[in-house]
Amino acid sequence: METNTVRRAELGGRPAGPGAAGPGVAGPGVAGGFRVLAPGLRWLLVTAAVLVGLAGIQLLVFTAHTGQYFAFTITSPLAAAFLGAGYWAAVPIEALAARQRHWANARVAVPAVLTFTVLTLAVTLTHLGQLHLGARYPAPTQAVTAAWLAIYTLVPALLATFLLRQARAPGTDPPRTAALPRWLRATLAAQAAALAGAGTALFAAPGPTAPAWPWHLTPMLAQATGAWLIALGVASAHVLIERDPRRLRPAAAGSIALPLLLAATLARYPHQFHWHTTTAIAYLTLLATMLLTGTAILTQGRPPTARGRAGEDIADSVGTVGADPHP
């Protein structure tokens with residue numbers, strides 16, 4: 001097959017003209033006309049994956065010792081474990097996004113991460129007096145707290161900056177490979193609404209809404225939990241926008257990991273969960289829904305045949321098509 005034919009097919013049938021304005025011309029940050037994930041954003045996603053992995057260790061491994069190993073004390077082990085599960089579930093989202101060649105296949109992770117870091121910074125500044133700052137705390141604990149403040153100040157600023165640069169990069173998105181079935185879109189829409197609604201209530205009005213949650217939450221923990229739920233709602237809504245299983249693999253991995261991790265936390269602290277309340281039933285239903293949607297997206301995105309896998313390989317390596325073999 002001729003090079004121009006392959007390039008034209010991968011660009012959705014548009015001819016790859018020789019001029020600078022042609023859609024098939026590869027410039028900086030472009031692979032075969034497709035916008036690639038910028039190195040700065042890739043580096044930041046890798047760094048974020050490491051940081052959330054460490055935060056998960058602090059909250060899931062040292063759950064009962066947040067007064068020593070975390071930025072603020074969490075007296076409810078189930079509340080701490082919930083936050084830790086969220087951090088660990090974010091690891092595959094950010095790590096898989098960082099591995100993508102094309103921006104379209106990585107961007108599902110970015111708005112949710114940006115939303116979470118901005119909201120968590122707001123929670124931190126609102127409850128600054130509860131952080132482990134001051135001479136009454138051991139030096140290592142103060143160092144952990146200082147790192148927390150630095151991370152949630154720098155990461156959202158850097159992420160917003162890199163996101164703006166990425167949005168201005170030349171190139172287009174690869175064509176969508178498949179559509180999500182109608183039942184999955186409807187389930188994702190309900191999931192996004194439930195997550196965003198519950199998260200907004202906890203974040204905006206922690207006092208009235210925290211008592212209805214299935215475990216004990218202080219106002220700070222209610223807002224921190226709300227930040228996670230809002231970010232998950234943003235991720236679910238973004239899945240609907242992208243609509244292509246190939247672009248949704250990072251989000252799908254997180255959607256599977258989170259309910260499994262949260263189920264493990266309930267098995268670990270069953271007596272702290274208010275099992276017979278309406279919100280507990282809604283919470284468990286939501287976990288099952290997330291597991292279902294994540295699994296369905298991964299199944300939809302799996303190439304059914306060797307020919308399908310070969311087609312994906314062509315899309316991933318399109319940047320090399322037509323390139324000079326002797327750079």
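Reader: Which side chain meets that of R35 in a salt bridge?

Author: In general, side chains of opposite charge can pair when their charged atoms come close. A salt bridge here is a side-chain nitrogen of Lys or Arg within 4 Å of a carboxyl oxygen of Asp or Glu. In this structure the partner of R35 is D173, at 3.5 Å from N to O. D173 is in the loop between α6 (139-168) and α7 (182-204) and R35 is in strand β2 (residues 34-35), so the pair ties together parts that are 138 residues apart in sequence. Helices (H or I, at least four residues) and strands (E, at least two) are DSSP runs, numbered from the N terminus.

Reader: What kind of model is this, and how are residues numbered?

Author: This is a predicted model, in which local features need pLDDT of at least 70 and side-chain atom pairs count only at pLDDT 80 or more, while totals for chains, interfaces and linings use all residues. Residues are numbered from 1 along each chain as its sequence is written, and side-chain values use heavy atoms, with hydrogens and water left out.

Reader: Is R35 buried or exposed?

Author: Buried means under 20% relative accessible area, exposed means over 50%, and partly exposed is in between (1.4 Å probe, protein chains only). R35 is buried, with a relative accessible area of 13%.

Reader: How many salt bridges does the count come to?

Author: The count by this rule is five. One of them joins the side chains of R107 and E242, at 2.5 Å from N to O. R107 sits in the loop between α4 (77-98) and α5 (110-126) and E242 in helix α9, so this pair ties together parts that are 135 residues apart in sequence. Both R107 and E242 are buried. E242 also meets the side chain of R247 in a salt bridge, at 3.1 Å from N to O, and R247 is buried as well.

Reader: Which residues are linked in a network of salt bridges?

Author: The network links R35, R107, D173, E242, D244 and R247.

Reader: What does the side chain of Q100 reach?

Author: It reaches the backbone oxygen of L96, at 3.0 Å. Such a polar contact is a pair of N or O atoms within 3.5 Å; within protein, one must be able to donate a hydrogen and the other to accept it, and residues adjacent in sequence count only if both atoms are side-chain atoms. Q100 is found in the loop between α4 and α5 and counts as buried at 17% relative accessibility. L96 lies in helix α4 and counts as partly exposed at 30%. The C-alpha atoms of L96 and L45 are separated by 9.1 Å, although the two residues are 51 apart along the chain.

Reader: Which residues make the nonpolar surface patch?

Author: Patches are made of residues with over 30% relative accessible area and no salt bridge; like charges are joined within 9 Å, and nonpolar side chains (Val, Leu, Ile, Met, Phe, Trp, Tyr) within 5 Å. V46, V50, L54, I57, V61, F62, Y69 and W88 make a nonpolar patch of about 650 Å². Helix α2 (residues 39-61) gives the most to this patch, with five residues. I57 lies in helix α2 and is partly exposed at 34% relative accessibility.

Reader: Which residues form the positive surface patch?

Author: Lys and Arg count as positive. The patch is formed by R176, R182, R185 and R243. R243 is in the loop between α9 (219-242) and α10 (249-268), and at 38% relative accessibility R243 counts as partly exposed.

Definitions and conventions: Areas by Shrake-Rupley, 256 points an atom, 1.4 Å probe, with all protein chains shown as cover. Charge placed at Lys NZ, Arg CZ, Asp CG, Glu CD.
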